[in-house]
Amino acid sequence: THCVSGCVCPHDQVLDGKGGCIAPEDCPCIHNGNSYSPGESIRVGCNNCTCRNRKWQCSEEPCLETCSVYGDGHYTTFDGKRFDFEGDCEYVLVQNYCGQQAVNQGTFRVITENIPCGTTGTTCSKSIKVFLGNYELVLNDGHSDVIQRTPGGKMPFQIRSMGIYLVVDTTVGLILMWDKKTSIFIKLSPSFQGHVCGLCGNYDGNGNNDFTTRSQSVVGNVLEFANSWKVSSSCPNANRTQDPCTANPYRKAWAQKQCSIITSEVFAKCHSQVEPNEYYQACVDDACACDTGGDCECFCTAVAAYAQACNELDICISWRTPSICPLFCDYYN
């Protein structure tokens, strides 16, 4: 297995990069800079990939994509487009009532209500409403309430707890996760690709056209796009708010110090998978903005959002400590 003549391998073997020789079929596979031996498996999205003969062989299950909303108006659409929007109204996150043909053919709608959570005009999600069939589910103040608008029909969703999250499983291929505070994760079946609209985008695999307004026109301005998804036209249009760290400069150094955990070695395993800098900046903004109480909660929510994005790719990071956003596992278990 050792190379000879100045590290030249026999004709039926290749260098292994460690001064030895191996058969070609024993070469490792590479994923995100890491080497994996033949027979080793990894999880990519919802599929398993196994290293065989230097190549990854993956299952081809259709995966649910995720739209996320957290903290001070930070959104990531199903197609991965990130944007920030602060508006003090109810907004459509996702629905399949889109376009003229679908006005009377839709089956579900998810609405979020935003309220001010700081003196600089920052807003956070207060309540979530899920409309499905003749049922309405209201998630608010850590609790869930079911409203049946007309008699009859089986309840189209189940509600369960999973750690810090309240999870809503629906019969139509939509899963909603809520941390009972300001984080919302909506997972949607591939059968809805290209058939939804709202602040979560159109789920067609192209993030460039996610800013599609209620009137089905693609725009480049986030305010024009997001304001079009107000539930009530009587609500005022949102305007850009001032930078929270400029408004509260005394909080900036603390915010940067706390949020640096996202770009630190703690999350090193995830950095090549999920770009950390946008999450770091969102964390700093939120930590500066929450100046009416709950500043640590805003910071913890921002870091948890990055941890959840890593977790979606099966990179589990143990970042919480007794002094940083602790959880009482006995309680949640």
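**A conversation about the predicted model**

Guide: Of the protein's 333 residues, 45% count as buried. Please note that this is a predicted model.

Visitor: What does the secondary structure come to?
Guide: The protein has seven helices and 19 strands.

Visitor: And how much accessible surface is there?
Guide: The accessible surface is about 17,100 Å², and carbon and sulfur atoms hold 49% of that.

Visitor: Let us turn to the sheet with β5, β6 and β7. What is the strand order there?
Guide: The order is β5-β6-β7 in an open sheet of three strands, with antiparallel pairing.

Visitor: Which strands stand at the edges?
Guide: Those are β5 (41–44) and β7 (55–58). Each has a single partner strand, so one side of each is without a neighbour in the sheet. From one strand to the next, the twist averages 35°.

Visitor: How many bridges join β6 to β7?
Guide: Four bridges join β7 to strand β6, which covers residues 47–52, and the two run antiparallel. As for R52, its bridge partner in β7 is K55.

Visitor: Now the helices. At what angle do α3 and α5 cross?
Guide: The axes of α3 (residues 252–259) and α5 (residues 277–289) cross at roughly 140° and come within 8 Å. That angle makes α3 oblique to α5.

Visitor: Is the crossing left-handed or right-handed?
Guide: α3 passes α5 in a right-handed crossing.

Visitor: Which residues make the contact?
Guide: On α3 they are K252, W254, A255, Q256 and C259. On α5 they are Y280, C283, V284, A287 and C288.

Conventions: Residues numbered from 1 in each chain as written. Predicted model: local features only at pLDDT ≥ 70, side-chain atom pairs only at ≥ 80, totals over all residues. Heavy atoms only, no water. Buried < 20%, exposed > 50% of the residue type's maximum accessible area, 1.4 Å probe, protein only. Areas by Shrake-Rupley, 256 points an atom, 1.4 Å probe, with all protein chains shown as cover. Pairing = 2+ DSSP bridges. Axes fitted to C-alpha atoms, helices over the stretch in contact; angles between N-to-C directions. Parallel < 35°, antiparallel > 145°, perpendicular 65-115°, else oblique. Left-handed = near helix turned anticlockwise from the far one by under 90°. Contact = heavy atoms within 4.5 Å.
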